[in-house]
Amino acid sequence: MNPRVNDPTRSNQDARTPAAGNACVRIRGLRTVLNGKTIFDDVDLDIARGKITAIMGPSGTGKTTLLRHITGQLAADCGDIEVDGRHVAGLNRTQLFDLRERIGYLFQNSALLTDFSVFENVAFPLRQHLRLPEEIIRNIVLTRLQSVGLRGAAHLMPSELSGGMARRVALARAIVRDPDLMIYDEPFVGLDPIALNQILTLIRTLNDTLGVTSILVAHEFSAVRRIADHVVLIAGGKFVASGHPDVLARGESEWTRQFFGGEADGPVPFQYPARDYAAELGFAAGAR
Amino acid sequence: MNAPRRNMMLADALAQVGAVGLFMFSILAAVPKSLRHYRETVRQVWFVGAMSLVIIMTCGLFVGMVLSLQLYYVLTNFGGTAALGTVVALSMFRELGPVVTALLFAGRAGTSMTAEIGLMRATDQLSAMEMMAVDPMSYVVAPRFLAGILAMPLLVCIFNALGLLGAHLVGVSWLGLDNGTFWGNMTSTVEVWSDLLNGVWKSAAFGAVIALIATFQGYTTPPTSEGVAYATTRTVVSSAIVVLALDFVMTAFLM
Ligand SMILES: Nc1ncnc2c1ncn2[C@@H]1O[C@H](COP(=O)(O)OP(=O)(O)O)[C@@H](O)[C@H]1O
Ligand SMILES: [Mg+2]
């Protein structure tokens, strides 16, 4: 018996694998070195249009870096990234901004504009790009805030918000222009169970009703499992496993078994690369 | 200090100058688009201008008073106290007004520009704008640059006015010079175009340079609290040096 059959956050269409011909984001031969550390080592990835693709992996493996590559914030050392048929590396600033106008991006640290109230933060993308009457802006912003449960907080300043509230405001801002591609960098951090449920429903609804392509970076597998169509596991500069969350959860490969089981020992390194532990503490034989 | 190290520092300094130059071109390129955010420019003029008023007015008053006092004793030796108003006005309009205002402006407005932009960098607000397809150069940097150019001349005029008031207080009300001589000699000697406006043009250039340095330091600061602290200090130090050097160059060539 599948426990998710009655789950309202779940879409009924269950496409298991991304259709290669219909990729919204195509990554080929990506190679990145930051500060002498290899973050990506010749990886390929397709992100299916209209689906929710979750990217998981230990912290510090380069999930945020991958998102920065996709949105053209950071150039890769090598390889090609195509978003909606356009090569990101070849775009000039104007073209890049045109592309970004259709992308909603939730920053890992919310990145709200501290000079503006919650309302103005959410209204910011509208005011900058569209000439709309004040009344319409007001309605759009309030609907967005309502959907993240913060309509009553519209007048607050970012410094008056908790971490979880700030994430929800940032989420409202990211979706305010109905983007075609939504990128969420750790959206569930700091959310209480009720807010988490609401946000999961929101993300799923955006996909089901508007056909938004979503890329989701998150650590909470139980949450990811409820909404993602496809999960990609990154570790050690490679995509080590991918597939439908239920398939990954069965833990058929060593990678997934360790990662989702939360074990420290296995192919996924828990330790940041370092010198031998005993030697660094001065205990190793012959160290002294 | 050995030669290679000195060469490195020289190379670093030159690279920094080049970077500031390139930054200026990107500001100028962003100015047309920033006119769409004219409200932001107005807000910045208010912020760097109106908020600097108290310090500018106070300092202007005291500079005028002390200048008047010093010159009174010097001029007494030559029996030339009748020229007090003229000398005070000339030195204020041509030199002290623009230069002292610029130094105060760097300390009051330049530092806050640097700290503000640096903090926006450190908290990813600039990246967030870029991701919302809003260019921080035209939304954040260019309005502050324009505000510097617009606010400085206005502040200099206020500084000068308060300076004359201070000089009048000391010279006429306290030391007992004749009121008519004080104003009369001044108005017949000091030229609006060559003396007063020269200083005003100069101050617009100072405003541009200070805003350029301040926004550059903020925009390129390392995203840490230490980085922002150093950037703020560098704004004051570089602005002071550049303003005084530029003052000499402009005075030598343009007047
Ligand atoms: N600007 C940078 N310069 C150098 N190294 C960086 C930079 N940003 C991130 N890194 C390194 O890249 C790796 C991946 O970072 P990130 O993508 O933020 O990880 P995460 O998967 O947790 O989002 C980390 O090891 C980090 O040390
Ligand atoms: Mg991250």
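Modeller: Two strands are said to pair if DSSP finds at least two bridges between them. Please keep in mind throughout that this is a predicted model.

Biologist: With that definition, in what order do the six strands of the open sheet in chain A lie?

Modeller: The pairing within this six-strand sheet of chain A is mixed. Its edge strands are β6 (103-106) and β10 (238-243) of chain A, each of which pairs on one side only. From one strand to the next, the twist averages 15°. Read across the sheet, the order is β6-β7-β8-β3-β9-β10.

Biologist: Which residue of β8(A) is the bridge partner of L181(A)?

Modeller: Strand β7 of chain A covers residues 181-185, and strand β8 of chain A covers residues 213-217. These two strands pair in the parallel sense over five bridges. In β8(A), the bridge partner of L181(A) is T213(A).

Biologist: What angle does the direction of α5(A) make with that of β6(A)?

Modeller: Two helices may be considered here. α1(A) packs on the sheet and touches β3 (52-56), β6, β7, β8, β9 (230-235) and β10 of chain A, its direction making about 155° with that of β7(A). α5(A) also packs on the sheet, where it touches β6 and β7 of chain A. Its direction makes an angle with that of β6(A) of about 170°.

Biologist: Are α5(A) and α6(A) roughly parallel or roughly antiparallel to each other?

Modeller: Helix α5 (residues 163-175) and helix α6 (residues 193-210) of chain A have axes that come within 12 Å and cross at roughly 10°. Angles under 35 degrees count as roughly parallel. The two helices α5(A) and α6(A) are therefore roughly parallel.

Biologist: How many nonpolar residues does the contact of α5(A) with α6(A) have?

Modeller: From α5(A), the contact is made by R168(A), L171(A) and I175(A). From α6(A), A195(A), I199(A), L202(A) and L206(A) take part. By class, the contact has no polar residues and one charged residue, and the number of nonpolar residues is six.

Biologist: Which strands stand at the edges of the four-strand sheet of chain A?

Modeller: This open sheet has the order β2-β1-β4-β5, and its pairing is antiparallel. Two of its strands have a single partner strand each, so one side of each is left without a neighbour in the sheet. These edge strands of chain A are β2 (37-48) and β5 (86-87).

Biologist: In β2(A), which residue is the bridge partner of A23(A)?

Modeller: Strand β1 (residues 23-34) of chain A pairs with β2(A) in the antiparallel sense over nine bridges. Helix α1 (residues 63-70) of chain A lies across β1, β2 and β4 (78-83), running at about 120° to β1(A). As for A23(A), its bridge partner in β2(A) is A48(A).

Biologist: Which helix gives the most to the lining of the largest pocket?

Modeller: The largest pocket has a volume of about 670 Å³. Its lining has 18 residues, of which R127(A), Q128(A), R36(B), H37(B) and R39(B) lie nearest the centre. At least two residues of the lining are supplied by each of α3 (118-129) and α4 (134-147) of chain A and α2 (38-49) of chain B. With five residues, the helix that gives the most is α3(A).

Biologist: How many helices does chain B have?

Modeller: The C-alpha trace of chain B spans about 65 × 50 × 30 Å along its principal axes. The secondary structure of chain B has zero strands, and its number of helices is nine.

Key:
Residues are numbered from 1 along each chain as its sequence is written. Chains are lettered from A and ligands numbered from 1 in the order in which they are written. This is a predicted model: local features need pLDDT of at least 70, side-chain atom pairs count only at pLDDT 80 or more; totals for chains, interfaces and linings use all residues. Side-chain values use heavy atoms; hydrogens and water are left out. Contact means heavy atoms within 4.5 Å. Axes are lines fitted to C-alpha atoms, for helices over the stretch in contact, and angles run from 0 to 180 degrees between N-to-C directions. On a 1 Å grid over the protein atoms alone, a cavity is a set of points where a 1.4 Å probe fits but cannot get out, and a pocket is an open set with protein on both sides within 12 Å along at least five of seven lines; lining residues have an atom within 4 Å of a point. Grid points are joined across faces, edges and corners, and a volume is the space filled by probe spheres set on the points. Angles under 35 degrees count as roughly parallel, over 145 as roughly antiparallel, 65 to 115 as roughly perpendicular and the rest as oblique. Ala, Val, Leu, Ile, Met, Phe, Trp, Tyr, Cys and Pro count as nonpolar, Asp, Glu, Lys and Arg as charged, and the others, Gly among them, as polar.
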